[in-house]
Each structure stands twice: as structure tokens, then as C-alpha cells.
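Thanks for coming. I have one structure to go through today, and I will keep it short. Please look at the model first.

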Amino acid sequence: MSSVFGKPRAGSGQQSAPLEVNLAILGRRGVGKSALTVKFLTRRFISEYDPNLEDTYSSEETVDHQLVHLRVMDTADLDTPRNCERYLNWAHAFLVVYSVDSRQSFEGSSSYLELLALHEKETQRSYPALLLGNKLDMAQYRQVTQAEGMALAGRFGCLFFEVSACLDFEHVQHVFHEAVREARREMEKNSLARHLFISEERALHHQAPLTARHGLASCTFNTLSTASLKEMPTVAQAKLVTVKSSRAQSKRKAPTLTLLKGFKIF
Ligand SMILES: Nc1nc2c(ncn2[C@@H]2O[C@H](COP(=O)(O)OP(=O)(O)OP(=O)(O)O)[C@@H](O)[C@H]2O)c(=O)[nH]1
């Protein structure tokens with residue numbers, strides 16, 4: 001991580017405005033969404049938490065030498081996707097999590113991927129999703145094989161990883177950074193399409209007589225405008241919380257650090 005909980009390192013030399021990426025973590029209850037989020041933000045594993053709260057955290061990251069302002073929404077749906085607009089209209093990319101020791105959670109992840117596919121169809125945009133099989137440290141109790149995870153990811157055209165929130169931080173960080181890369185690729189594609197659309201429109205204004213606008217050029221215009229001119233999602237309903245640094249908390253000299261959402265970190 002390039003920062004200690006939201007504060008960029010001094011002397012990083014990065015001048016340009018950071019890329020803004022919103023990432024939503026989806027999945028059935030208990031699959032480890034909060035554990036993965038907190039592992040990524042703090043390098044630590046959660047031991048206690050409140051499963052009913054939903055929060056959005058903010059972190060400054062450096063991904064491939066680029067400064068990224070990453071917001072992570074740790075969602076708290078009950079058993080199935082509900083009121084999904086709050087994250088569908090907000091996120092640039094999604095992490096869909098199941099637990100390798102729970103077939104039920106794997107089936108749940110499939111419903112989330114279907115929901116995202118439907119959202120893509122309705123909005124005519126692509127939203128990168130990564131499928132994560134969490135709790136790899138519990139592999140001896142596996143109910144879902146790696147091959148099944150890969151097959152599901154393949155069906156929905158997304159990247160697939162098996163991880164553990166209680167094992168190495170680097171692996172978890174790699175997954176979050178991959179999500180940023182996927183989101184960035186999609187943004188670049190959209191921005192290129194917008195560029196093409198503007199050029200196309202200028203060409204039409206300057207060169208084409210009115211009657212010609214009903215020909216091939218207007219077809220291109222329609223296709224590109226649907227794909228690229230929809231506004232980027234705004235940070236609307238999400239509650240934005242920045243995780244506080246342990247240094248800020250250390251003044252209290254408490255033996256444990258209590259984070260937002262009731263996380264207790266030892
Ligand atoms: N062994 C193991 N336990 C994990 C892992 N990740 C999470 N857990 C445990 O699984 C339980 C659920 O973890 P959470 O992170 O709260 O799961 P969640 O998906 O956020 O659950 P909700 O908040 O109910 O939606 C907790 O007891 C965690 O300690 C993991 O990688 N390995």
C-alpha cells in the first residue's frame with residue numbers, strides 16, 4: 001500500500017490527480033467480505049465484527065506507479081442480493097466472494113454474477129468482476145473445487161482467485177489491485193469511445209450535409225453514444241468512512257484497536 005490508511009507517503013513525487021475507483025465487495029453472509037476488506041486496509045485479520053453494518057472505506061493506493069483513490073464498499077446483503085442499486089450504480093468494479101468450504105455460498109456467488117450480467121445488459125456497459133474463493137486456509141473442508149470456481153468465472157468472463165483473509169497480505173492486496181487494473185481498463189475503453197464519439201460528431205457537423213446523417217455515420221453515432229455517454233456512477237448513497245490510522249488511535253494507549261463497523265483488531 002502506498003499509504004497509511006488514506007495518507008499518501010511524503011515525497012512520492014506523484015503530481016497528477018489520482019484515479020478514482022469504487023469497488024464493491026459482494027457475497028453471501030459469512031464468506032469473509034469484511035475480513036478481506038480489513039486485511040487489505042490494515043494487513044490484519046479480523047476477530048470480531050458486526051455483520052449487519054455496511055460501510056465504505058477509502059484508501060490511497062499506488063497501482064502500477066499510478067496514484068489511485070480507492071473506495072471499498074463492504075456490502076451487507078442478507079441472504080440474497082437486495083436493494084442492489086446502491087452498489088450497482090456506484091461501483092466501477094466488483095469482487096464477488098464465496099467461501100471454499102461452503103457450497104451454499106458458491107451458489108450465492110453465482111446469483112451475484114447473474115445480477116451483474118443483467119446490469120451490464122440493461123446499462124449496455126461492462127463492469128469488471130473478479131470471483132474470489134475465500135478461506136483457502138480451510139481447504140481441508142473444501143466443498144467447492146478450484147476447477148468449479150474457474151468454470152464459474154469462465155462462464156461470466158471474469159478473473160478468478162482463491163485467497164485467504166487470514167494468510168498472506170500480499171495475495172489479498174494483489175487481488176484488490178487487479179480489480180483496480182480491470183476498472184482502469186474499462187474506464188480507458190469508455191474514454192476512448194467518448195473520444196471517438198466526439199470526433200465523429202465534429203466530423204458530422206463539419207462535413208456531412210443534414211441528409212447524410214441518416215446513413216452509416218448516424219449508426220456509428222448511436223452505437224457509441226449508448227456505450228459511452230452514460231454518466232459515470234456517483235458516490236451517492238454510500239456512506240464514506242476513512243479508516244483511521246493506528247497512530248491516531250495510539251494516543252489512547254488501548255491494548256486493542258477498535259475500528260469502524262465494530263472490528264476489533266489485535
Ligand atoms: N478461516 C478463515 N476464516 C475467515 C476468513 N475470512 C473470514 N473468516 C471468518 O469468517 C467469519 C465471517 O467473516 P466476515 O468477514 O465477517 O464475513 P462477511 O462476508 O463480511 O459476513 P457478513 O458481514 O455477515 O456479510 C468470521 O468469523 C471470520 O473470522 C478466512 O480467510 N479464513
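I will take the ligand site, then the helices, the aromatic pairs and a few backbone angles.

First, the ground rules. This is a predicted model, in which local features need pLDDT of at least 70 and side-chain atom pairs count only at pLDDT 80 or more, while totals for chains, interfaces and linings use all residues. Residues are numbered from 1 along each chain as its sequence is written, and side-chain values use heavy atoms, with hydrogens and water left out.

Now the ligand. How many residues surround the ligand? There are 19, where a residue belongs if one of its heavy atoms lies within 4 Å of the molecule. The closest are Lys-33, Ser-34, Ala-35, Asp-137 and Ala-165. By type, the shell has nine nonpolar, five polar and five charged residues. Here nonpolar is Ala, Val, Leu, Ile, Met, Phe, Trp, Tyr, Cys and Pro, charged is Asp, Glu, Lys and Arg, and polar is the others, Gly among them.

Next, the polar contacts, meaning pairs of N or O atoms within 3.5 Å. Lys-135 has a polar side-chain atom 3.1 Å from an oxygen atom of the ligand. For Ser-164, a polar side-chain atom is 3.3 Å from a ligand oxygen atom. Val-31 uses its backbone: an N or O atom there lies 3.2 Å from an oxygen atom of the ligand. The ligand taken alone exposes 650 Å², and the protein buries 86% of that; these areas come from the Shrake-Rupley method with a 1.4 Å probe.

Which helix gives the largest share of that shell? Helix α1, residues 33–42, with three residues. Helices here are DSSP runs of H or I, at least four residues, and strands are runs of E, at least two, numbered from the N terminus. In α1, 10 of the 10 residues are buried, so the helix is largely enclosed by the rest of the structure. Buried means under 20% relative accessible area, exposed over 50%, and partly exposed in between, with a 1.4 Å probe and protein chains only. The buried residues of α1 include Lys-33, Ser-34 and Phe-40.

Helix α4, residues 146–156, has Gly-149, Leu-152 and Ala-153 buried. These residues cover an arc of only 100° around the axis, which puts them on the same side of α4; the arc is taken over directions from the helix axis to the C-beta atoms. The face turned away from that buried side carries exposed Ala-147, Gly-154 and Arg-155.

On to aromatics. The whole structure has three aromatic pairs, counted for rings of Phe, Tyr and Trp (its six-membered ring) with centres within 6.5 Å; planes under 30 degrees apart are stacked, over 60 edge-to-face, and the rest tilted. Phe-40 and Phe-176 are stacked, at 4.1 Å centre to centre and 5° between the planes. Phe-40 is in α1 and Phe-176 in helix α5 (residues 169–206), so this pair ties together parts 136 residues apart in sequence. Phe-94 and Tyr-127 are edge-to-face, at 6.4 Å and 70°. Phe-94 is buried at 0% relative accessibility, and Tyr-127 is buried at 9%.

Last, backbone angles. Most residues other than glycine have a negative phi. His-65 has a positive phi of about 65°, and this residue is in the loop between β4 (55–63) and β5 (66–74). His-65 is exposed, at 72% relative accessible area. Gln-124, with a positive phi near 55°, lies in the loop between α3 and β7. Arg-43, which follows α1, has a positive phi near 70°.

Technical notes: A polar contact is a pair of N or O atoms within 3.5 Å; within protein, one must be able to donate a hydrogen and the other to accept it, and residues adjacent in sequence count only if both atoms are side-chain atoms.
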